[in-house]
Amino acid sequence: MVNIRKNLLPESLYSWKSPYTMKPTRIVVHNTANDASADSEIKYMLRDKSNGAQVSYHYAVDDKEIVQGLPENRIGWHAGDGANGKGNREGIAIEICYSKSGGDRFLKAEDNAVDLIVDILKRYNWGIDKVTKHQDYMKKNCPHRTLELGWDRFLNKIKSKLNNSTNNTVEDSRLDNNDIFKNIQVWYNTNYASNLGRIDEDNKFGNDTKKHLIMALQSEMNKQYKSKLNIDGIFGNASKKAFLNLKIGTKGNITRISQAFLYKKNYDPNGFDGSFGSGMLSAVKSFQSSNKLNVDGILGPSTAFKLFN
Ligand SMILES: [Zn+2]
């Protein structure tokens with residue numbers, strides 16, 4: 001975990017920004033909806049009544065550090081559910097920075113927030129159900145960027161770190177991944193080996209697996225879209241031009257091969273089943289965000305070109 005630096009609210013501002021002590025029962029996740037650093041976000045919070053707002057929160061997290069502004073045993077004003085709301089009165093508030101523009105800097109901040117959340121869950125002996133979002137307490141699109149990229153995707157990141165750190169299952173999780181690659185290879189061999197050549201079922205997604213999956217993709221495009229592509233295992237401009245949009249609800253082998261490549265690139269589509277569901281939607285959006293593509297959740301020609309190369 002990156003460093004946690006304290007810049008705590010002075011007691012003189014308690015009556016305005018943190019009038020009650022609390023026994024926390026949950027975490028409340030926010031996005032800042034601006035492009036300020038964690039340092040600036042906390043400094044903004046520490047302004048007094050003459051030039052600041054009443055809002056307060058426990059942590060701000062950016063791509064480089066975590067800054068703490070409130071002790072965990074005092075309340076903050078962040079959830080919008082009033083002076084008696086569970087969000088304000090029992091929640092540890094975490095602001096994830098750089099959500100306005102998103103991109104790599106935001107994703108790194110989100111990863112740092114995941115580490116902080118795992119640390120808090122372990123300290124209080126809480127489960128994943130204690131991770132809540134601002135939106136659970138009021139009608140507000142917060143944490144907007146995290147929601148856009150997929151809330152389940154965010155929870156899954158926390159879950160996998162929790163499991164790894166509590167049960168020492170790091171090696172098991174690596175095996176799971178390898179099983180996915182083996183499943184992909186077995187599926188390819190079953191369906192395409194007789195026409196396109198066999199690949200090793202070695203549990204690794206190497207160059208030969210990549211090439212043959214692109215060949216399978218091109219042969220599916222020729223069959224389904226009448227594309228007349230050379231089956232050369234290289235996803236070039238002709239393949240890009242011929243590629244048709246995949247979106248939520250799409251099913252079939254082209255979707256399935258796309259899932260294989262999402263796994264290869266470490267974006268979990270939540271299944272190698274040929275069905276474009278909500279897990280694949282989150283994975284596609286994350287992939288688009290990291291690759292500076294338009295984040296629309298539609299796997300079209302430009303996204304495909306990045307994914308298959
Ligand atoms: Zn919020």
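These legends walk you through a few close-up views of one predicted model. Residues are numbered from 1 along each chain as its sequence is written. Because the model is predicted, local features need pLDDT of at least 70 and side-chain atom pairs count only at pLDDT 80 or more, while totals for chains, interfaces and linings use all residues.

**View 1. The protein is divided into two domains, domain 1 (4–167) and domain 2 (172–307).** These bounds come from an automatic or database domain assignment. Taken over C-alpha atoms, the domain centres are 36 Å apart.

**View 2. Here domain 1 touches domain 2.** In this view, 12 residues of domain 1 are in contact (C-beta atoms, placed from the backbone, within 7 Å) with 9 residues of domain 2. On the domain 1 side, α4 (104–124), α5 (144–149) and α6 (151–167) each supply at least two residues, and α6 gives the largest share, 5 residues. Helices here are DSSP runs (H or I, at least four residues), numbered from the N terminus.

**View 3. Helix α8 (residues 207–225) packs with helix α10 (residues 253–264).** Their axes, lines fitted to C-alpha atoms over the stretch in contact, lie 9 Å apart at an angle of about 160°, on a scale from 0 to 180 degrees between N-to-C directions. That makes α8 roughly antiparallel to α10 (angles over 145 degrees count as such).

**View 4. Which residues of α8 and α10 meet?** From α8 come Leu 213, Ala 216, Leu 217, Glu 220, Met 221 and Gln 224; from α10 come Asn 253, Ile 254, Ile 257 and Ala 260.

Conventions: Angles under 35 degrees count as roughly parallel, over 145 as roughly antiparallel, 65 to 115 as roughly perpendicular and the rest as oblique. Two residues are in contact if their C-beta atoms, placed from the backbone, lie within 7 Å.
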